[in-house]
Amino acid sequence: MVSPDVGGVTRARDLASRMETTIAIIDKRRPRPNVAEALHLVGDVQGKTAILVDDIIDTAGTITKAAETLLERGAKEVYACCTHPVLSGPARERLEASPLKEVVVTNTIPVAPEDRFPRMKVLTVAPLFGESIIRIHEDLSVSKLFE
């Protein structure tokens with residue numbers, strides 16, 4: 001599991017723990033808004049399949065630069081996933097042109113048909129939200145859904 005920035009380390013660590021794997025972190029900086037530069041990779045990805053996990057893909061600058069960095073550092077292939085696919089501006093073009101094997105997103109934000117491409121998979125959150133609402137209404141644990 002790879003966090004594309006320092007802010008997502010907890011998310012990547014939690015997912016790595018669930019999947020019983022290791023974590024890596026891309027240390028990046030933003031010279032200006034919506035522009036990301038990968039600086040360093042913390043962790044070993046040599047010969048491994050890397051899964052970038054992020055909360056939001058907006059313009060896709062961070063995620064595509066991170067994928068390129070991981071491949072340059074020896075990852076054998078790179079996948080990406082995110083919860084909220086904002087997909088503004090050049091996002092679709094960047095993702096489609098990227099070396100990512102697959103991009104998995106949820107439909108917390110509807111993904112317009114023109115923003116989709118063959119390597120994108122959109123997962124629905126409706127069953128999870130529905131079960132959460134039922135559990136809240138019945139005063140049951142919502143956190144049990146994530147164990």
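Colleague: Where is the place of A60?
Modeller: A60 sits in the loop between strand 4 and helix 2. Helices here are DSSP runs of H or I with at least four residues, strands are runs of E with at least two, and both are numbered from the N terminus.

Colleague: Before I go on, what kind of model is this?
Modeller: This is a predicted model, where local features need pLDDT of at least 70 and side-chain atom pairs count only at pLDDT 80 or more, while totals for chains, interfaces and linings use all residues. Residues are numbered from 1 along each chain as its sequence is written, and side-chain values use heavy atoms, with hydrogens and water left out.

Colleague: Okay, back to A60: buried or exposed?
Modeller: A60 is buried, at a relative accessible area of 5%. The cut-offs are under 20% relative accessible area for buried, over 50% for exposed, and partly exposed in between, with a 1.4 Å probe and protein chains only.

Colleague: And what is phi of A60?
Modeller: Phi of A60 is near 70°, which is a positive value in a residue other than glycine. D139 has a positive phi too, near 60°, and D139 isn't glycine either. D139 is in the segment after helix 4 (126-137), and with 71% relative accessibility D139 counts as exposed.

Colleague: Let's zoom out. How many helices and strands does the protein have?
Modeller: There are four helices and seven strands. Along the sequence they run β-α-β-β-β-α-β-α-β-β-α. The radius of gyration is 16 Å, close to the 15 Å from the globule rule for 147 residues, so the protein is as compact as a globular protein of that length. That radius is taken over C-alpha atoms, and the globule rule is 2.2 Å times the number of residues to the power 0.38.

Colleague: What box do the C-alpha atoms fill?
Modeller: Roughly 50 × 35 × 30 Å, taken along the principal axes.

Colleague: What share of the residues is buried?
Modeller: Buried residues are 37% of the 147 in the protein.

Colleague: Which residues of the largest nonpolar core touch the most other members?
Modeller: That core has 26 residues, and L52, I57, I63, L70, V78, L95 and L100 touch the most other members. A nonpolar core means a set of buried Ala, Val, Leu, Ile, Met, Phe, Trp, Tyr and Cys residues joined through side-chain atoms within 4.5 Å. At least two residues each come from strand 2 (24-32), strand 4 (49-57), helix 2 (61-72), strand 5 (77-85), helix 3 (91-97) and strand 6 (103-106). Helix 2 gives the most, with four residues.

Colleague: What does I57 touch?
Modeller: Not counting residues up to four places away in sequence, I57 touches I63, C82, H84, P85, V86, L87, L95 and V103. Contact here means heavy atoms within 4.5 Å.

Colleague: Now Y79. Where does it lie?
Modeller: Y79 lies in strand 5, and at 24% relative accessibility Y79 counts as partly exposed. Leaving out residues up to four places away in sequence, Y79 touches T49, A50, I51, L52, L100, K101 and E102. I133 is 54 residues from Y79 in sequence, and their C-alpha atoms are 31 Å apart in space.

Colleague: How about E68 and S98, what separates their C-alpha atoms?
Modeller: They are 30 residues apart along the chain, with 7.8 Å between the C-alpha atoms. E68 belongs to helix 2 and is partly exposed, with a relative accessible area of 37%.

Colleague: Last one, on charges: how far apart are the mean positions of the positive and negative charges?
Modeller: They are 4 Å apart, for 19 positive and 21 negative charges. Lys and Arg count as positive, Asp and Glu as negative, and His and the chain ends are not counted. Each charge is placed at NZ of Lys, CZ of Arg, CG of Asp or CD of Glu.
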